[in-house]
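Me: Please take a close look at one helix in this model and the aromatic residues around it. I would like one connected account.

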Amino acid sequence: EYQERALERSVRGVLRAAELADRFIEARIGNDEYHTNFPFVQVQNDEPVKLIKPLSLQQSDSARMLDHGGNWIMRVRNLRRRNLLPGRVLFALDGNEDEPGLRGKARRDIAGELRELGVMVAPVAQQQQLISFARD
């Protein structure tokens, strides 16, 4: 939880430095049946059109990484199935997908499943990708 909040502060700083922070609010996405909160949601005409979710994958082992990432994959799947997810979604992941070993494999698996759900995935360290996504 702490790492996720720190990651959100980092993304907020990137957006603020690019003068894009005021385009995003924290908001609940979904309806009464199913919903979840996202820290960066762009709303137009009272409808969410874009969101950014920083996702920390720095857990101590691959099983914990897969559990945490799997929770977010399930949330995205449930929102997508109900046509509640905005058209543009970016998950900003910390860490390196190219990391060797089980942790790297877990990170790649999570990123791959998010992509299969139509979600853009980018390393949080690639600030220009975040800025481009937020600006477009």
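Reply: This is a predicted model. The helix to look at is α2, whose buried residues pack against α1 (2-17), β1 (25-30), β2 (35-44), β3 (47-55), β4 and α3 (101-116). The buried residues of α2 are Ser62, Met65, Gly69, Trp72, Ile73, Val76, Asn78 and Leu79.

The length of the helix can be checked. At 1.5 Å a residue, the 20 residues of α2 should span 28 Å, and the end C-alpha atoms lie 27 Å apart, which agrees. At the N-terminal end, Asp61 caps α2, with a side-chain oxygen 3.1 Å from the backbone nitrogen of Ala63. Just after α2, Asn83 has a positive phi of about 55°.

Next, the aromatic contacts. Two aromatic pairs turn up in a search of the whole structure. In the pair of Trp72 and Phe91, the ring centres are 6.1 Å apart and the planes stand at 70°; an angle over 60 degrees counts as edge-to-face, so this pair is edge-to-face. Trp72 belongs to α2 (residues 62-81) and Phe91 to strand β4 (residues 88-93), so the pair links distant parts of the chain, 19 residues apart. Both partners are buried: Trp72 has a relative accessible area of 6%, and Phe91 has one of 0%. Together with Phe38, Trp72 and Phe91 form one aromatic cluster.

Trp72 also has a charged neighbour: the charged end of Arg75 sits over the Trp72 ring, 4.3 Å from its centre. Another such arrangement involves Lys50, whose charged end sits over the ring of Phe133, 5.4 Å from the ring centre.

Terms used: Residues numbered from 1 in each chain as written. Predicted model: local features only at pLDDT ≥ 70, side-chain atom pairs only at ≥ 80, totals over all residues. Heavy atoms only, no water. Phe/Tyr/Trp six-rings, centres within 6.5 Å; stacked < 30°, edge-to-face > 60°. Helix = DSSP H or I, 4+ residues; strand = E, 2+ residues; numbered from the N terminus. Buried < 20%, exposed > 50% of the residue type's maximum accessible area, 1.4 Å probe, protein only. Lys NZ or Arg CZ within 6 Å of the ring centre and 35° of its normal. Expected span 1.5 Å × (residues − 1). Contact = heavy atoms within 4.5 Å. Polar contact = N/O pair within 3.5 Å; in protein donor to acceptor, adjacent residues only side chain to side chain.
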